[in-house]
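Please look over the sequence and the model below, and then follow the paragraphs that come after them.

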Amino acid sequence: MSRSGWLAGALAALAAAGVGYWAGHDGPAVSELAGRAVSALPTALADRARDGLAHLLPPAAGPARAAPSGPIVYYQDPDGKPVYSLAPMVTTDGREFRAVRASEDVRFDGEAVEAMPADMAAHGMADGGQPAGSSKPGSGDRRVLYYRNPMGLPDTSPVPKKDSMGMDYIPVYAGEDEGGNVVTVSPGKVQRTGVRTETVERRVVAQPVRVPGTVALDERRVTVIATRSDAYVDHVEDVTTGDRVRRGQPLVHIYSPDINAAAAQLIANPGFDGARRRLQNLNVSEAVIDEMERTRKVPMAITWSSARDGVVLQRTAVEGMKAAAGDTLFRIGDISVMWVLADVPERDLAGVRVGQSVTLRVRSAPGRTFSGKVGVIYPQVNPDTRTTRVRIELPNPDGALLPDMYAEVEIATGTGKPVVAVPDDAVIDTGARQVVLLDRGEGRFEPREVKIGARGPGYTEIREGVAAGDRVVTAANFLIDAESNLKAALQSMAAPKSDDRQAANMEAKP
């Protein structure tokens, strides 16, 4: 290595050490130190030193970034945390929040924010406000038609202004003021407000009617054991209340003078039909009459048997007692089929039909359901409860259902045919009319009045207004509906005249 090269390298190393020392002690900038060191060398050595220090020098600075401008829109935590404030404030350790100006604010609605001098902001032009007739940056050079009240009041202005609370009026551009009822919402606002849509489909809509009920005996399956003449109870079989009996099973033996007289006449006059008919009228069974004719004897006591299979609901027969004609000795009920009597409110009665499926639950059998059908809808309304009684028939083969049990009844209403239906959240019901919002794409929404029908779990039938395949808004639809109502109100107002705009512009000028 030549002497001059060695000297240049030594100087470069010495300069690098000095640069590191001064940079660590808040000294001059690196580029300034290097420039001073190199300028003190002869021309040839300076060129070699610059080559050696090239990796230490910072790259050439690009164009200076524009300073933040425009009015202060909010204040942010000095550490960059997602903590914001509309007024100046400090952290817990005493540091002030950083002021964020209009040019630094980030928007998600596709509209850029124009940085403007403070004197323009002082004249009510904050948040990118523009004079009437101008275009807004990033909006495709659209023309501002007018400015509307930010709170939805029917008030417009040809020039930017603020309301009584200091809020800026919202500009309405030429492309946004479409005819008809279509409302245009920017994609960013759609995302921020949480607008969701769903496709209209055909589905079965059925709202089950849930009412209380009571288990009861089938009136057609109850039998009373009684005599048709005065009699005395001679003997009672070992049968009591709650026992299950079979058809033809003996229950009680009775002595009746009238029956014995008719039996003696039958034996004395064989083949006399009148005597046999008299015994039948006294409710003597055919088997007992045949036995009398065969043995030619009149028994002291006549046996009374059960007329059906069932459960003994009541026993009043006691040995030795006298029973008058018509007195009940036994009451037997067949519980293989039971009734459930349910009281349906008058408002739900229109959806109940004979033959509809019914699901029933009782507290004595948790987790178990019983299935049946609507048998009868009683033809009167209880004036006190405004309900109508509905009778449901249920098979009860194992006897789990007992008379007077409480039951929870669920009647499946509806026809079971698919209909056009939308989610319940999609319907805006004002009481006087029902409206849904159709998604026309590209941020355009159209309110559509509909006629609703049956309501089901989460869905409402639409009889008129929309068709299968349309998309309806299911979330944030009240905000879009408010925009639609505001637009209708603004359209009903007279547009500002040109001379009014000019006068307003002259008044706005300082």
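Over how many bridges do strand S16 (residues 310-315) and strand S18 (residues 328-333) pair, and in which sense? In this predicted model, the two strands are joined over four bridges, and their pairing is antiparallel. Within this pairing, Val312 stands opposite Ile332, a residue of S18. In general, the strands of a sheet pair through backbone hydrogen bonds, either parallel or antiparallel.

S16 and S18 belong to an open sheet of four strands, whose order is S11-S18-S16-S13 and whose pairing is antiparallel. The edges of this sheet are formed by strand S11 (222-226) and strand S13 (244-245), each of which pairs on one side only.

Another strand to follow is S19 (residues 337-345), which is mostly covered, since eight of its nine residues are buried. Strand S10 (residues 209-217) runs antiparallel to S19 and is joined to it by five bridges, with Val215 standing opposite Val340 of S19. S19 also pairs with strand S22 (residues 387-395), again in the antiparallel sense, over nine bridges, and here Leu341 has Arg391 in S22 as its bridge partner.

Turning to the helices, helix H7 (residues 273-281) has Ala275, Arg276 and Leu279 as its buried residues. These residues lie on the same side of H7, because they cover an arc of only 100° around the axis. After H7 comes Asn283, which has a positive phi, near 70°.

Definitions and conventions:
Residues numbered from 1 in each chain as written. Predicted model: local features only at pLDDT ≥ 70, side-chain atom pairs only at ≥ 80, totals over all residues. Heavy atoms only, no water. Buried < 20%, exposed > 50% of the residue type's maximum accessible area, 1.4 Å probe, protein only. Arc of directions from axis to C-beta. Pairing = 2+ DSSP bridges.
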